[in-house]
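Subject: Structure handover

Hi,

Here is the structure I promised to pass on. Please open it first, then read my notes below.

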Amino acid sequence: MHILVTNDDGVYAPGIFALQSALRRIPGAEITIMAPAENQSAVGHRKTLYDPLRIKQTRLAEGIEAFACSGSPADAIALALLGYVKQPVDIVVSGVNQGANLAQDITYSGTVTAAMEAVLFGVPAIAVSLDSYTEPEFGQAADFAACLVPVVLEKGLPDRTLLNVNVPFGPVRGVRATRQGRRTYHDELVERIDPMGRPYYWIGGGRPTGDVKDVGTDVWAVANGYISVTPIHLDMTSREFLRQMDGWHLEEWQIEAAPGTLGG
Ligand code: MN
């Protein structure tokens with residue numbers, strides 16, 4: 001069983017070390033670590049097309065071998081699966097991220113988009129995040145990932161589907177299969193002045209919150225002390241709205257018509 005381990009916090013982050021340690025305890029597991037050299041949190045599903053990518057062999061604590069690459073977490077997976085890693089990969093596990101990746105976080109998250117990249121290659125993938133931005137207590141999340149991997153390999157995942165796992169910080173009451181909840185972001189535009197007197201900007205603000213009362217969601221589960229396991233499908237089509245769009249009669253539109261005269 002060959003497990004490719006990655007993350008978005010960077011190859012030297014404590015979360016990936018805890019993860020690979022736990023996965024190594026699965027009988028028969030062989031581990032390859034390929035992850036960004038630097039923190040690539042919230043880079044989304046970025047593909048590096050206009051710069052070369054470089055890979056450096058490195059060692060983590062305890063002499064553990066790893067590959068540190070430039071580029072995004074998705075690049076790390078592509079580099080590995082396109083042939084840099086010779087041995088076929090059975091599963092990709094990404095994490096353990098410092099900070100939850102719930103609800104609409106998933107398209108920002110390098111942790112989750114690394115898993116998205118893997119499933120595009122037809123390799124099953126799990127993203128694992130800890131619901132703390134500060135506490136480096138990754139053992140519980142890593143142990144849960146090590147429990148989940150053999151189950152995923154035995155049962156399989158559907159096409160273009162990954163598992164997004166979020167682990168509460170502190171005591172865990174159990175595990176729940178969940179759906180995506182709703183996040184509220186508190187970003188604001190923060191303007192500063194550089195030494196030349198020119199303005200520059202931060203997208204700043206407090207941590208995102210979420211609708212913790214929406215039972216059955218990832219946000220609800222983690223807020224209530226449950227490990228949340230959300231199956232994520234890469235088909236993001238809004239099927240409900242697609243049906244409503246029948247009423248737009250797009251197939252009858254004449255695109256040479258004057259703007260504003262179509263529809264209804
Ligand atoms: Mn991160």
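**The second largest pocket**

The lining of the second largest pocket has five nonpolar residues, seven polar ones and one charged one. Keep in mind that this is a predicted model. In total, 13 residues line this pocket. Gln104, Ile106, Gln180, His233 and Met236 lie nearest its centre. Which strand gives the largest share of this lining? That is strand 11, residues 226-233, with four residues. The space in the second largest pocket comes to about 350 Å³.

**The largest pocket**

Now for the largest pocket. About 540 Å³ of space lies in it. Its lining has 24 residues. Those nearest the centre are Ala42, Asp105, Tyr133, Arg207 and Pro208. By type, the lining splits into seven nonpolar, eleven polar and six charged residues. Three strands each supply at least two lining residues: strand 5 (91-98), strand 9 (183-193) and strand 10 (199-210). Strand 10 gives the largest share, six residues.

How are such spaces found? Rolling a probe the size of a water molecule over the atoms shows where empty space is left.

**The manganese site**

Next, look at the metal. Which residues coordinate the manganese ion? They are Asp8 (OD), Asp9 (OD), Ser41 (OG) and Asn97 (OD1). The distances run from 2.0 to 2.2 Å. Along the chain, the donors follow the spacing D-D-x31-S-x55-N. Asp9 and Ser41 link distant parts of the chain, 32 residues apart. Asp9 sits in the loop between strand 1 (2-6) and helix 1 (14-24). Ser41 sits in the loop between strand 2 (30-36) and strand 3 (55-59).

Are these two residues buried or exposed? Asp9 has a relative accessible area of 15%, so it counts as buried, because the cut-off for buried is under 20%. Ser41 is at 34% relative accessibility, so it counts as partly exposed.

**Helix 1**

Last, turn to helix 1. Which of its residues are buried? They are Gly15, Ile16, Phe17, Leu19, Gln20, Ala22 and Leu23. An α-helix has 3.6 residues a turn, so residues three or four places apart point the same way. What covers the buried residues of helix 1? The cover includes strand 1, strand 2, strand 5 and helix 4 (139-155).

Best wishes

Notes. Residues numbered from 1 in each chain as written. Predicted model: local features only at pLDDT ≥ 70, side-chain atom pairs only at ≥ 80, totals over all residues. Heavy atoms only, no water. Donors = N, O, S within 2.8 Å, 3.2 Å for Na, K, Ca; no water. Buried < 20%, exposed > 50% of the residue type's maximum accessible area, 1.4 Å probe, protein only. 1 Å grid on protein atoms, 1.4 Å probe; cavity = no way out; pocket = protein on both sides within 12 Å on 5 of 7 lines; lining within 4 Å. Points joined across faces, edges and corners; volume = space filled by probe spheres on them. Nonpolar A, V, L, I, M, F, W, Y, C, P; charged D, E, K, R; others polar. Contact = heavy atoms within 4.5 Å.
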